[in-house]
Amino acid sequence: MEELHVEIPSRPQGRTRDAVLVGVVASGHCEILLERRAADAVPDRCIVTVHTSAHGFGPIWGAVLDDCAERHALGGLKIEIHDVGATPAIVTLRMAQAIEAWEEAHG
Amino acid sequence: MTNQLKTWDKRRRNRTRRLERAAPYATGRHVRAEHVEALLHAIIEPADRVCLEGDNQKQADFLARALARLNPSRVHDLHMVQSVVALPEHVDLFEKGIACEIDFSYSGPQGGRLAALVQAGKIRINAIHTYLELFARYFVDLTPNVALIAAESADAAGNLYTGPNTEDTPAIVEATAFHDGIVIAQVNEIRETVPRIDIPAGWVDFVIVTPRANLIEPLFTRDPALISEIQVLMAMLAIRGIYAEYGVRRLNHGIGFDTAAIELLLPTYGAELGLKGKICTHWALNPHPALIPAIEAGFVESVHCFGSELGMERYVAARPDVFFTAADGSLRSNRAFCQAAGHYACDLFIGSTLQIDLHGNSSTATKGRITGFGGAPNMGADARGRRHESPAWLQAGEEARAGAAVIARGRKLVVQVVETFREGMEPTFVERLDAVDLAQTMGLRNPAVMIYGDDVSHIVTEEGIANLLLCRNFDEREQAIRGVAGYTSVGLGRDKRVVEDLRRRGAIRRPEDLGIARRKATRDLLAARSIKDLVHASGGLYEPPSRFRNW
């Protein structure tokens with residue numbers, strides 16, 4: 001397994017709620033866990049940890065996560081991704097589903 | 001002065017000699033199965049051009065196995081001409097020295113063995129063709145001396161019933177029978193009366209009843225359970241951004257899960273958009289089970305088929321308004337005419353591929369395999385001989401020539417639908433096709449390209465639609481391709497400013513530009529999510545082959 005850590009600037013996410021989990025840990029897929037960071041965390045940055053079975057795709061992860069952070073309000077969130085060879089298309093889709101689930105709940 | 005010394009009926013005399021040699025093994029047209037090798041030894045001469053019916057689905061497998069058992073010292077250096085190299089025996093012929101050269105269209109599972117034989121110098125591949133192109137050459141410079149064909153049944157006189165899987169047989173027999181060739185048919189049974197006469201007895205020389213029915217592969221069945229959300233998203237893009245946009249009523253789908261997703265979204269997403277009756281009314285298509293819900297929902301007026309599809313016989317017979325059937329209800333397919341239909345009578349082709357380069361050239365050629373492309377080059381080509389107008393054709397033509405000083409003409413929509421990454425994170429978009437490097441190993445001068453970039457009108461990926469018709473030069477075309485190539489190195493190499501400009505002009509459209517929310521792209525949108533759902537949608541008429549029965 002390869003592990004990647006990044007901290008990315010993103011618009012602050014206003015809502016607060018319990019953790020959100022989307023996706024599955026299965027070949028070609030990934031699971032994404034969204035949680036609120038500690039109260040004293042910087043509101044306009046998110047931290048992302050990726051555990052992936054596919055090695056050597058660091059730069060692509062960086063590009064995908066940068067675009068997600070630009071597209072969605074992820075600031076103040078902690079994101080954990082368990083990946084089993086999902087393509088960027090799947091990761092992008094799951095991230096959109098995760099943040100939609102987060103924003104639908106009432107804090 | 002007449003040329004009194006030249007013989008003008010050499011072929012006919014030669015045919016007579018062959019038939020005389022075969023006479024001891026036949027009663028009228030009928031030959032017993034145990035005499036098949038003796039018959040073939042009698043009929044076939046060294047260096048003959050032999051068409052062994054290896055269609056896309058139907059195989060004259062009994063005759064193939066018999067041919068592969070012949071004595072290479074008696075029958076050798078054969079020139080094989082056939083649509084598909086499908087069976088191991090098709091390749092065994094070359095390993096054994098019975099055959100030495102081949103012209104074909106597609107090879108699928110035998111692609112690896114073909115490549116190995118080319119490397120070993122045991123086979124000469126003269127050319128890879130698209131199906132209609134190969135049939136065309138049967139009438140010019142590739143006329144078979146002997147055709148080994150497969151039919152379902154024959155009557156005592158030798159009339160043949162080829163049934164739903166008629167496929168290539170009429171084209172093969174027409175060329176062979178009318179130029180002094182010999183036609184040998186394997187049939188599953190003799191019947192007192194055949195349901196209809198597909199091949200008249202006068203065009204057939206020998207009929208052999210086989211112990212087992214001929215092999216037919218269910219190549220066009222796609223289990224909806226395997227369709228992914230990304231494929232649903234791309235199907236939504238195609239329907240909204242292309243089918244609805246141009247008003248595409250007449251079309252062909254290349255086989256695949258991407259196109260099966262489109263078929264299954266018509267009764268749901270297509271209906272939501274109010275498109276029933278406005279798109280997808282007339283098809284050149286095999287009877288895909290995935291099309292059942294769209295047919296039942298009233299989207300489809302007509303389907304002409306290249307072949308049949310195992311398990312669809314009863315459904316087709318129950319829908320004679322839609323399909324081309326005989327009075328007995330059974331389907332009549334015809335690959336040659338369906339390919340012609342796909343070329344000239346359809347406004348759109350859409351299919352998938354393995355690689356696309358910066359010009360839009362598309363190929364499935366990969367290292368270590370020689371497979372060919374079947375019908376795709378014919379379907380996915382602008383029909384420059386076409387003259388009749390349709391709204392989609394006119395609109396595409398206008399977009400293609402906007403601003404250029406060329407005479408007005410229409411243009412076929414040729415769409416490639418692909419995910420930016422394939423399995424194992426292999427990028428679909430590449431700077432250089434593998435096919436370019438493979439040309440030499442295949443013994444060809446030109447790379448094996450499935451669809452040329454200047455025929456491609458649109459590329460659909462999970463990132464959106466690139467409309468190459470609206471690109472005014474090679475630079476814009478390259479950036480439009482990069483603009484939908486996602487996070488592949490081709491995609492990451494995009495000029496963001498040019499891509500933004502292309503998006504403003506509509507040459508690139510993202511899902512959100514078409515009102516498509518990515519999150520709405522779920523499997524719930526599919527009109528059927530399993531084979532069982534398809535059986536239910538057909539009212540029990542669809543009978544999937546056992547390998548698809550998973551409940």
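Among contacts in chain A between residues at least 6 apart in sequence, 87% link residues that are at least 24 apart, where two residues count as being in contact if their C-beta atoms, placed from the backbone, lie within 7 Å. The model is a predicted one, in which local features need pLDDT of at least 70 and side-chain atom pairs count only at pLDDT 80 or more, while totals for chains, interfaces and linings use all residues. Residues are numbered from 1 along each chain as its sequence is written, and chains are lettered from A and ligands numbered from 1 in the order in which they are written.

Chain A holds 2 helices and 5 strands, which follow one another along the sequence in the pattern β-β-β-β-α-β-α; helices (H or I, at least four residues) and strands (E, at least two) are DSSP runs, numbered from the N terminus. In chain B the secondary structure amounts to 19 helices and 20 strands, and 73% of the contacts in chain B between residues at least 6 apart in sequence join residues at least 24 apart.

The table sets out the extent and burial of the two chains. A residue is buried if 20 or more other C-beta atoms lie within 10 Å of its own, exposed if 12 or fewer, and partly exposed in between, with C-beta atoms placed from the backbone.

| Chain | C-alpha box along the principal axes | Buried residues |
|---|---|---|
| chain A | roughly 35 × 20 × 20 Å | 35% of the 107 residues |

For chain A, a compact globule of 107 residues would have a value near 13 Å, and the chain has 13 Å, which agrees. For chain B, the expectation for 551 residues is near 24 Å, and the 25 Å of the chain agrees with this.

Where the two chains meet, 14 residues from chain A and 12 residues from chain B take part in the contact. On the side of chain A that touches chain B, α1 (58-71) and α2 (88-104) of chain A each supply at least two residues, and the largest share, 7 residues, comes from α2(A). By class, this side of chain A has 10 nonpolar, 3 polar and 1 charged residues, where Ala, Val, Leu, Ile, Met, Phe, Trp, Tyr, Cys and Pro count as nonpolar, Asp, Glu, Lys and Arg as charged, and the others, Gly among them, as polar.

Within chain B, helix α3 (residues 61-68) and helix α4 (residues 88-95) pack at an angle of about 20°, with their axes 9 Å apart. The helices α3(B) and α4(B) are therefore roughly parallel to each other, a term used for angles under 35 degrees. Their contact is made by A64(B), R65(B), L67(B) and A68(B) of α3(B) together with E89(B), H90(B), D92(B) and L93(B) of α4(B), and these residues divide into 4 nonpolar, 1 polar and 3 charged.

Elsewhere in chain B, Y243(B) lies in helix α8 (residues 229-246) and is buried, with 27 other C-beta atoms within 10 Å. Leaving aside neighbours within four places in sequence, Y243(B) is in contact with A238(B), V248(B), I279(B) and C280(B).

Conventions: Rg over C-alpha atoms; globule rule 2.2 N^0.38 Å. Axes fitted to C-alpha atoms, helices over the stretch in contact; angles between N-to-C directions. Parallel < 35°, antiparallel > 145°, perpendicular 65-115°, else oblique.
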